Amino acid sequence: MMARAHKVRATRGERRSTPASLLIMHASELLTLGGTPGPRRWDAASELGLIEDGAVYAEQDRIVDVGTTSQVLSRHPRASVQLDATGTVVMPGFVDPHTHVVFAGSREREVEWKSQGLSYADIAARGGGILQTVGATRDAKEEGLAQDGANRLRAMAAFGTTTVEAKSGYGLDPDNERKVLRSIVEAGRIAGLDVVPTFLGAHAIPPEFGGRPEAYVDLVLGDMLEAVTSDGLASFCDVFVDVGYFSVDQARRILTKAREVGLRPKVHADELSDTGGAALAAEMQAVSADHLNHASSEGIEAMSHEGVIAVLLPATSLASHIPFADGRRLVAAGVPVAIGTDFNPNTWCESMQLAIALACHHNGLTPAEAITAATLNAAHAIGREQDVGSVESGKLADLLVLDIPSWRHLGYRLGGNAVETVVKRGRILHRRPGTR
Ligand SMILES: [Zn+2]
């Protein structure tokens, strides 16, 4: 594929006053993801909206026209930036619907501990895990958190991610949760990506509340929730429901209050054990239940009934040495499935391409289902389906040019980077070095 680079050519407009327009043409395969409305499930989860010799035309930050190259050129013969995408796959930018991208410090030492057989709980007992990151994040300045977060977002963009959900949860007190949420917004601004912030005050019990979990729950649904909603800092409220973290009853109290003040519920559900997280997500009409490695049949049925989206995070199974969620069972039950990286200090994974490949090999998704899961269904999982997740007129021009001969290579290649060009809101955000 080395010869590919010379085929993409860009000619830039001569004057900045010229309305910005973009034309990508001759894509061997354009995956529009257009088709059935709503989160895709059952057979619709495999609809990629494939157009051979496809083209996309955008003005400013929005897509204006999509079709075959001859159709689009007949209506829009030129643009201020033109890309010849012969021999490539063009598709919507990846939407990463579950990350914890803003935090201080790192936890590389835990890899040795995992190699020696220590579990997630053993590592937490040794002073690693979430609470180590909480200590470092509380000590960190807002500017540094935002800059580190922006650097990680740029790395994710280089792998094709153009919209990212990002959670708080390493502050665990009102001031520090606000600091992290403000840093998330600033990181997105610096990196030029759209970021959707989620309040995850119920991520762990902080040390000063050791042995008093109910008192901490009261703080979360009282002062902390008020602090983050008064500034409109978050769109969603998430709770880590699992053994050693928060119970279903505690999560129900937090999410009920969050919903009253305008935050949509999400749940970290059944990652380490089955504690009823999937069923709670359905009961709360959460937009998504995430992880689901140990979800019960009843929980999955309830999710299907309420249309709760399952967000699978296979890189975390890889990094935490825990079972992979059964995506095949979720698809068979009619649950819409999304996938994310879960980027966090335990799972340092920037690549949605790797998440797609892992989802195919270990969660039982087909490559087409995994692509839907990483784009349109992920957009639904973070409430951004009006703007991103597919290549359709009116949506943001968030587009990838991938140096692969067919979309099936996305589930096939492990750990590389097929991205040649990333377009964010109609502008070229990233180009592989050497691409002309
Ligand atoms: Zn998470």
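How far apart do the C-alpha centres of domain 1 and domain 2 lie? In this predicted model, the C-alpha centres of the two domains lie 30 Å apart.

**View 1. The chain is assigned to two domains, domain 1 and domain 2.** According to the domain assignment, domain 1 is made up of residues 2-92 together with residues 390-431, whereas domain 2 covers residues 95-381. Where these domains touch, 27 residues from domain 1 and 31 residues from domain 2 take part in the contact.

**View 2. The side of domain 1 that touches domain 2 includes residues from helix H16, strand E15 and strand E16.** Helix H16 (409-412), strand E15 (419-424) and strand E16 (427-431) each contribute at least two residues to this side of domain 1, and the largest share, three residues, is supplied by E15. Sorted by class, the residues on the side of domain 1 that touches domain 2 comprise 15 nonpolar, six polar and six charged.

**View 3. Helix H13 crosses helix H14.** The axes of H13 (residues 352-362) and H14 (residues 367-374) come within 9 Å and cross at roughly 140°, and the two helices are therefore oblique to each other. The crossing of H13 and H14 is right-handed.

**View 4. Residues of H13 and H14 make the contact between these helices.** On the H13 side, the contact is made by Met352, Ala355, Ile356, Ala359 and Cys360, and on the H14 side by Pro367, Ala370, Ile371, Ala373 and Ala374. By class, this contact of H13 with H14 has ten nonpolar residues, with no polar and no charged residues.

Definitions and conventions. Residues are numbered from 1 along each chain as its sequence is written. This is a predicted model: local features need pLDDT of at least 70, side-chain atom pairs count only at pLDDT 80 or more; totals for chains, interfaces and linings use all residues. Axes are lines fitted to C-alpha atoms, for helices over the stretch in contact, and angles run from 0 to 180 degrees between N-to-C directions. Helices (H or I, at least four residues) and strands (E, at least two) are DSSP runs, numbered from the N terminus. Angles under 35 degrees count as roughly parallel, over 145 as roughly antiparallel, 65 to 115 as roughly perpendicular and the rest as oblique. A crossing is left-handed if the near helix is turned anticlockwise from the far one by less than a right angle, and right-handed if clockwise. Two residues are in contact if their C-beta atoms, placed from the backbone, lie within 7 Å. Ala, Val, Leu, Ile, Met, Phe, Trp, Tyr, Cys and Pro count as nonpolar, Asp, Glu, Lys and Arg as charged, and the others, Gly among them, as polar. Domain bounds come from an automatic or database domain assignment.
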